Amino acid sequence: GCGCKIAPGLLSKIIGDHSADPHFKNLLVGNDKRDDAAVLAIDENNCIVSTTDFFMPIVDNPFDFGRIAATNAISDIYAMGGTPLMAIAILGWPIDKIAVEVAGEVIKGGRAICTQAGIPLAGGHSIDSPEPIFGLAVTGTLNKAHLKTNDGAQVNNLLYLTKPIGVGIMSTAQKKGILADADFQAMVTSMTTLNSIGANLGPLNYVTAVTDVTGFGLLGHLIEMCEGSGVSAQINFSQVPLLNPVELNYYLSKNCIPGGSIRNWKSYGNKVEIADNTWRDILCDPQTSGGLLIAINQHHKNEFEKYLADQNISGSLIGKTQSINETNALITVV
């Protein structure tokens with residue numbers, strides 16, 4: 001899953017210069033932003049949102065793999081406040097190792113999620129590759145006034161997370177053959193739940209910043225939000241929602257720590273002050289199709305929580321933003 005993402009530090013070296021391209025003034029969000037999708041204004045009011053996301057299998061069932069990869073890719077559109085319009089598939093398949101019928105099941109899973117999101121899986125591209133790879137390139141639409149980026153957070157904003165953490169740890173436990181059936185089902189359910197609420201956040205002016213939590217872990221994506229917004233943040237670890245906390249700690253005791261967690265901490269650990277080092281493996285855990293991290297104006301707390309409840313969305317208040325001068329570290333975990 002998203003645990004195979006290149007670590008943030010290395011990715012910065014690969015991309016290189018992040019400055020905006022002056023030749024494309026209508027490109028509102030591009031490589032100069034560390035955001036979830038590209039956004040191009042096509043007139044005064046309307047934008048196109050474009051993203052791509054793909055990875056190697058995180059589960060054995062091919063239909064579920066397709067569902068998870070599709071949910072994860074579409075999430076980038078929702079994270080910008082956009083509405084998905086259509087998707088095309090990206091498929092790499094080891095033709096000489098795994099039957100093509102299995103690839104067909106992957107595509108079926110991807111199409112099922114696209115149908116659930118109300119969009120067509122309209123085509124795609126495939127190659128013969130050493131390992132199975134699947135994902136989508138997704139196009140969406142957006143009212144320019146409703147654009148939600150990850151760099152708009154302000155001092156004293158409240159931070160909410162809409163899905164529990166722990167997918168990377170549990171998927172590693174699955175590889176070791178010790179993941180309980182109930183935990184597997186909870187993991188798959190989480191990864192195949194669309195972040196469709198993102199499309200409805202655009203008109204909410206008190207929502208200042210949004211991003212989805214994937215391969216860089218909660219800390220990594222929060223760091224991107226804070227650096228882009230010029231703020232710091234404090235996280236209350238006890239408020240971070242977890243997939244079955246008791247079992248999660250058991251899996252950690254069995255060394256079910258994804259390699260992505262270690263790479264993540266090496267990339268940004270110097271920006272984090274954490275009260276208990278045992279929390280690190282959870283907060284750096286790479287999520288696949290994770291929840292939305294949402295910053296809101298603190299004066300709209302009750303209104304936002306009622307909105308989440310009315311939409312039947314689980315949203316946990318996990319912390320707040322602060323002035324950059326209030327702490328020695330960019331992120332403080334208490």
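## Strand pairing

Two strands count as paired if DSSP finds at least two bridges between them. Helices (H or I, at least four residues) and strands (E, at least two) are DSSP runs, numbered from the N terminus. The model here is predicted, so local features need pLDDT of at least 70 and side-chain atom pairs pLDDT 80 or more, while totals for chains, interfaces and linings use all residues. Residues are numbered from 1 along each chain as its sequence is written, and side-chain values use heavy atoms, with hydrogens and water left out.

With that in hand, look at β9 (residues 232-235) and β12 (residues 316-322): they run antiparallel and are joined by four bridges. Q234 has K320 in β12 as its bridge partner.

## The sheet around them

Both strands belong to an open sheet of seven, ordered β8-β11-β7-β12-β9-β13-β10, with mixed pairing. At its edges lie β8 (207-212) and β10 (272-274), each of which pairs on one side only. From one strand to the next, the twist averages 20°.

Now turn to α2 (residues 62-79) and α3 (residues 100-117), whose axes come within 7 Å and cross at roughly 40°. Axes are lines fitted to C-alpha atoms, for helices over the stretch in contact, and angles run from 0 to 180 degrees between N-to-C directions.

In the contact (heavy atoms within 4.5 Å), α2 residues including F63, I74 and Y78 meet α3 residues including V102, I113 and A117.
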